[in-house]
Amino acid sequence: MNDLFAGLEPQAARQDMTEGAVLMRARALPQADQLLADIQRISSLAPFRHMVTPGGFAMSVAMTNCGTYGWITDRRGYRYEEQDPLTGRDWSPMPQSFLSLATTAAEEAGYPDFLPNACLINRYEPGAKMALHQDKDEKDFTMPIVSVSLGLPVAFQFGGAKRTDPVMKHQLQHGDVVVWGGPSRLFFHGVLTLRNGVHEKAGSYRYNLTFRHVVL
Ligand code: MD3
Ligand code: FE
């Protein structure tokens with residue numbers, strides 16, 4: 001058999017991306033169908049919506065949440081709240097599938113005490129993107145953030161502690177998990193424009209779960 005991978009590095013299952021950040025390729029694959037079913041159920045109660053930034057622009061990424069706290073934005077600012085402003089009801093509790101994946105992945109990356117109380121669920125359609133930003137609304141930065149990618153692949157970029165630091169580009173694929181702790185917890189990051197495509201499990205979407213520990 002001729003070797004298609006001759007001269008290429010093998011794709012490591014686990015990769016240190018930057019200080020404190022660990023990429024685990026395909027880590028969520030065994031649970032992916034369950035995660036997608038849970039996203040479907042959560043979003044039937046708290047629909048995906050395009051929230052408005054304080055500057056007055058609708059985000060291209062549609063969002064919902066589960067857990068004790070949910071991240072929201074409107075003209076008044078970015079914050080976490082216990083109720084969905086669309087329905088006035090509490091967010092759905094975090095499903096067991098979400099909680100066990102997030103805590104075991106964090107433990108494998110060296111953060112054994114991670115206990116998420118918020119999960120932001122992002123849904124990207126072709127054309128959607130997320131500009132370079134820091135995640136600072138959680139207030140507690142000793143806890144990592146765990147991110148899980150599902151559906152269509154996308155190019156993701158992260159830099160350093162300053163907006164002007166040089167950025168690295170990575171492809172994030174269905175099932176990839178990244179744990180962002182230590183110095184990387186406050187690094188700038190963003191998502192490039194999602195290209196058209198069809199994923200066998202997620203159709204024309206990319207989903208991203210981010211697990212956070214929030215204090216109000
Ligand atoms: C690096 N989401 O929701 S996940 C976000 O793919 C967000 O939807 C992106 O950025 C997405 O805030 C990126 C990867 C990620 C998440 C949080 C981070 C990278 C991070 C926090 C600190 C540093
Ligand atoms: Fe972010």
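**Ligand 1 and the iron site**

In this predicted model, the shell around ligand 1 is made up of 8 nonpolar, 7 polar and 4 charged residues.

Visitor: Which residues come nearest to ligand 1?
Guide: The shell around ligand 1 has 19 residues. Those that come nearest are N122, Y124, H189, R206 and R212.

Visitor: Which strand gives the largest share of the shell around ligand 1?
Guide: At least two shell residues come from each of β6 (118-124), β7 (130-133), β8 (145-151), β12 (189-191) and β13 (206-212). The largest share is 4 residues, and the strand that supplies them is β13.

Visitor: How much of ligand 1 does the protein bury?
Guide: Oxygen atoms of ligand 1 have polar side-chain atoms beside them: one of D135 at 3.1 Å, one of H189 at 2.9 Å and an N or O atom of R206 at 2.9 Å. Taken alone, ligand 1 exposes 500 Å², and the share of this that the protein buries is 98%.

Visitor: Which pocket does the space taken by ligand 1 form?
Guide: The shell around this space includes residues of β6, β7, β8, β12 and β13. The space taken by ligand 1 is the largest pocket.

Visitor: Which residues are the protein donors of the iron ion (ligand 2)?
Guide: The donor atoms lie 2.0 to 2.3 Å from the iron ion, and they are NE2, OD and NE2. In order, they belong to H133, D135 and H189.

Visitor: How many residues apart are D135 and H189?
Guide: The iron donors follow the spacing H-x1-D-x53-H in sequence. D135 is in the loop between β7 and β8, while H189 is in strand β12. The pair links distant parts of the chain, and its separation is 54 residues.

Technical notes. Residues are numbered from 1 along each chain as its sequence is written. Chains are lettered from A and ligands numbered from 1 in the order in which they are written. This is a predicted model: local features need pLDDT of at least 70, side-chain atom pairs count only at pLDDT 80 or more; totals for chains, interfaces and linings use all residues. Side-chain values use heavy atoms; hydrogens and water are left out. A residue is near a molecule or strand if one of its heavy atoms lies within 4 Å of it. A polar contact is a pair of N or O atoms within 3.5 Å; within protein, one must be able to donate a hydrogen and the other to accept it, and residues adjacent in sequence count only if both atoms are side-chain atoms. Accessible areas come from the Shrake-Rupley method with a 1.4 Å probe; for residues, only the protein chains shown count as cover. On a 1 Å grid over the protein atoms alone, a cavity is a set of points where a 1.4 Å probe fits but cannot get out, and a pocket is an open set with protein on both sides within 12 Å along at least five of seven lines; lining residues have an atom within 4 Å of a point. A molecule sits in a cavity or pocket if more than half of its atoms lie within 2 Å of its grid points. Ala, Val, Leu, Ile, Met, Phe, Trp, Tyr, Cys and Pro count as nonpolar, Asp, Glu, Lys and Arg as charged, and the others, Gly among them, as polar. Donors are N, O and S atoms within 2.8 Å of the metal (3.2 Å for Na, K and Ca); water is not among the atoms, so sites may look incomplete.
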